[in-house]
Amino acid sequence: MVRILLCGCFGKMGRVIQQLVAGRTDCTIAAGVDLFADSTAAFPAYTNIADVQEEADVIIDFSHPSLLTPILSYAAQKGGIPAVLCTTGYSAEQVEALKTSAQTQPVFYSRNMSLGINLLIELSKKAAKVLGDQFDIEIIEKHHNQKIDAPSGTALMLADAIASVRDGETQYVYDRHAQRKKREKSEIGLHAVRGGTIVGEHEVVFAGNHEVITLSHSAQSKELFATGAVNAAVYMCGKGPGLYDMSDMI
C-alpha cells in the first residue's frame with residue numbers, strides 16, 4: 001500500500017484525487033497539506049508541510065508554484081522520497097531547480113498528467129519532423145475562467161517538444177497585436193482562451209500552402225489528470241534519484 005502525502009489536498013484537483021484514491025486498493029492518503037484546513041478530511045491535514053508527522057512513501061503536489069522549494073526540501077529530509085510534481089506555472093528558474101534536485105532525489109515532473117496529451121505531443125513532434133519549415137505552427141489552448149497561468153503548461157510542453165525536432169532557432173510568439181510584421185518561419189504562436197468551465201483543450205495547427213493539418217485533444221474531466229498523478233505516485237514508489245516523466249511510465 002503506497003502512502004501518499006497530498007499537497008493542495010483541498011483544492012479542486014486535490015479533492016478529485018481524494019475521491020479516486022478512496023476507490024483504489026494500491027494506495028492511500030496518509031496526510032495532506034493545504035493553506036485552507038478542512039476538519040472533515042479522512043486524513044490528518046496541515047497548513048505547513050514541515051509540520052507533517054505521518055510517514056509517506058511519495059508526495060503528490062497539486063498546490064502552488066511557491067511551494068516547490070519546501071516540498072523538495074521536505075522530500076530530501078525524509079530520505080529522498082519521490083515527489084510527483086503536477087503544479088503548473090513554474091518559472092524557468094524553478095524548473096532548473098527541480099532538475100538540480102533530481103540529481104540527488106527522485107522527481108516526477110509533468111505539466112500534464114494525461115496519457116492522451118502525451119500521445120498528442122509525440123504526434124506533434126512526428127508531424128513537425130515530416131512537414132519541416134513548409135508549415136506554420138500555431139498552438140491554441142482553452143481552459144476554464146479560474147485558471148491563473150497562461151499559456152498553459154501543456155501548451156508550452158507542446159511547443160518545447162516541437163521546437164526540439166525543428167532545425168534552427170524557434171521563437172515563441174504570445175501576442176501578435178503588439179507587432180506589425182509578417183509571420184516568420186521560426187515562430188510558434190501560442191494562444192490562450194479562458195472561459196466558463198472548460199477543463200482543457202489543446203490544438204496544434206500546421207498551416208501550409210492550400211492545406212491545414214490539425215491535431216487536438218479535449219479533456220472531459222479532471223479525473224483523467226488525477227488518474228495520471230496517482231498512477232505516477234504508485235510507479236515512483238521506491239525509485240532512485242532522477243528526473244522522470246510520463247514517457248518513463250508509459
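**Close-up 1. The largest pocket has a volume of about 1100 Å³.** This is a predicted model, where local features need pLDDT of at least 70, side-chain atom pairs count only at pLDDT 80 or more, and totals for chains, interfaces and linings use all residues. Residues are numbered from 1 along each chain as its sequence is written, and side-chain values use heavy atoms, with hydrogens and water left out. A pocket here is an open set of points on a 1 Å grid over the protein atoms alone, where a 1.4 Å probe fits, with protein on both sides within 12 Å along at least five of seven lines; lining residues have an atom within 4 Å of a point. Volume is the space filled by probe spheres set on the points, which are joined across faces, edges and corners. Helix H1 (12-22) and helix H5 (153-164) are the elements that give two or more residues to the lining (helices are DSSP runs of H or I, at least four residues, and strands runs of E, at least two, numbered from the N terminus). By type, the lining splits into 13 nonpolar, 16 polar and six charged residues (Ala, Val, Leu, Ile, Met, Phe, Trp, Tyr, Cys and Pro are nonpolar, Asp, Glu, Lys and Arg charged, the others, Gly among them, polar).

**Close-up 2. The second largest pocket comes in at about 700 Å³.** Its lining takes 29 residues, and nearest the centre sit Tyr 109, Arg 111, Met 157, Asp 160 and Asp 245. At least two lining residues each come from helix H3 (92-101), helix H4 (115-131), H5, strand S12 (242-244) and helix H7 (246-249). The tally is 14 nonpolar, seven polar and eight charged.

**Close-up 3. H1 crosses helix H6 (residues 223-236) at roughly 65°, with the axes coming within 9 Å.** Therefore H1 counts as roughly perpendicular to H6 (65 to 115 degrees). Axes are lines fitted to C-alpha atoms over the stretch in contact, and angles run from 0 to 180 degrees between N-to-C directions. From H1, Met 13, Val 16, Ile 17, Leu 20 and Val 21 meet residues of H6 including Phe 225, Ala 226 and Val 230 (contact means heavy atoms within 4.5 Å). That contact has nine nonpolar residues, one polar and one charged.

**Close-up 4. H4 and H5 cross at roughly 30°, their axes coming within 8 Å.** So H4 runs roughly parallel to H5 (under 35 degrees). Among the contact residues are Ile 117, Leu 120 and Ile 121 of H4, and Met 157, Leu 158 and Ala 161 of H5. Eight of the contact residues are nonpolar, four polar and one charged.

Note on methods:
Angles under 35 degrees count as roughly parallel, over 145 as roughly antiparallel, 65 to 115 as roughly perpendicular and the rest as oblique.
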